[in-house]
Amino acid sequence: VANFKCKGRDDLGYDILESAYRVMKRCRRSRKASGRSQAAMDAACVLAVEVIESYEAMRNYLCQVGTCIERVDPHLCNNAGLVARLVDWETSWEVGSRYVRDAALLDALCDVVAQMKEAQAVAPQL
């Protein structure tokens with residue numbers, strides 16, 4: 001799980017987090033609406049929440065260990081809490097990079113999810 005190759009992830013920039021916050025703003029606005037627009041935004045909200053929560057979990061972890069840095073193993077891969085949060089961050093931000101950052105692709109994904117929900121309502125066995 002640890003990054004032994006020292007490969008950075010410069011492709012997972014802060015713009016993913018900013019995009020997630022923009023999506024959440026859209027989600028809050030769409031909650032006031034009803035019907036298809038809300039169903040279409042459900043997928044976007046889930047993806048944006050994952051990005052934001054993984055960022056907040058990492059931030060909270062770093063704040064916690066900042067008060068007891070002497071207990072942090074210098075071999076960072078030996079710090080289970082750090083590794084778990086990095087894996088969660090990387091996983092959610094990779095998805096965010098692909099779907100949350102690209103508004104057109106996110107809208108298309110939301111439309112597909114909404115259509116699948118409509119199809120399930122008509123034919124629940126699907």
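At 32% relative accessibility, D107 counts as partly exposed, because that value falls between the 20% and 50% cut-offs. In this predicted model, D107 forms a salt bridge with R26, with 2.8 Å between the closest N and O atoms. That pair joins distant parts of the chain, since D107 sits in helix α4 and R26 in helix α1, 81 residues apart. R26 is partly exposed as well, at 27% relative accessibility.

**Salt bridges**

- The structure holds 3 salt bridges, and the D107 and R26 pair is one of them.
- R101 and D15 meet through their side chains in another salt bridge, at 2.9 Å from N to O. R101 lies in the loop between α3 and α4 while D15 belongs to helix α1, so this pair ties together parts 86 residues apart in sequence.
- R101 is partly exposed with a relative accessible area of 30%, and D15 is partly exposed with 26%.
- K117 and D42 also form a salt bridge between their side chains, at 2.9 Å from N to O. Here K117 in helix α4 is linked to D42 in helix α2, 75 residues away.
- K117 has a relative accessible area of 36% and is partly exposed; D42 is partly exposed too, at 25%.

**The disulfide**

- You will find 1 disulfide in the structure, formed by C27 and C45 with their sulfur atoms 2.0 Å apart.
- C27 lies in helix α1 and C45 in helix α2, so the bond ties together parts that are 18 residues apart in sequence.
- The torsion about the S-S bond is about -125°, so this disulfide is left-handed.
- Both C27 and C45 are buried.
- Another cysteine, C68, counts as buried because its relative accessibility is 16%, under the 20% cut-off.

**The nonpolar core**

- The largest nonpolar core has 22 residues, of which A20, V23, A44, V51, W93, L106 and C110 touch the most other members.
- Helices α1 (14-31), α2 (36-66), α3 (80-100) and α4 (103-122) each supply at least two residues of this core, and α2 gives the largest share, with 9 residues.
- L106 is in contact with V23, A44, L47, Y99 and V100, leaving aside its neighbours within four places in sequence.

**Helix α3**

- The 21 residues of α3 should span 30 Å at 1.5 Å a residue, and its end C-alpha atoms are 28 Å apart, which agrees.
- The buried residues of α3 are L82, V83, W89, S92, W93, G96 and V100.
- For anyone tracing such a pattern, an α-helix has 3.6 residues a turn, so residues three or four places apart point the same way.

Notes
Residues are numbered from 1 along each chain as its sequence is written. This is a predicted model: local features need pLDDT of at least 70, side-chain atom pairs count only at pLDDT 80 or more; totals for chains, interfaces and linings use all residues. Side-chain values use heavy atoms; hydrogens and water are left out. A nonpolar core is a set of buried Ala, Val, Leu, Ile, Met, Phe, Trp, Tyr and Cys residues joined through side-chain atoms within 4.5 Å. Buried means under 20% relative accessible area, exposed over 50%, partly exposed in between (1.4 Å probe, protein chains only). Helices (H or I, at least four residues) and strands (E, at least two) are DSSP runs, numbered from the N terminus. Contact means heavy atoms within 4.5 Å. The expected span of a helix is 1.5 Å times one less than its number of residues. A disulfide is a pair of cysteine sulfur atoms within 2.5 Å. A salt bridge is a side-chain nitrogen of Lys or Arg within 4 Å of a carboxyl oxygen of Asp or Glu.
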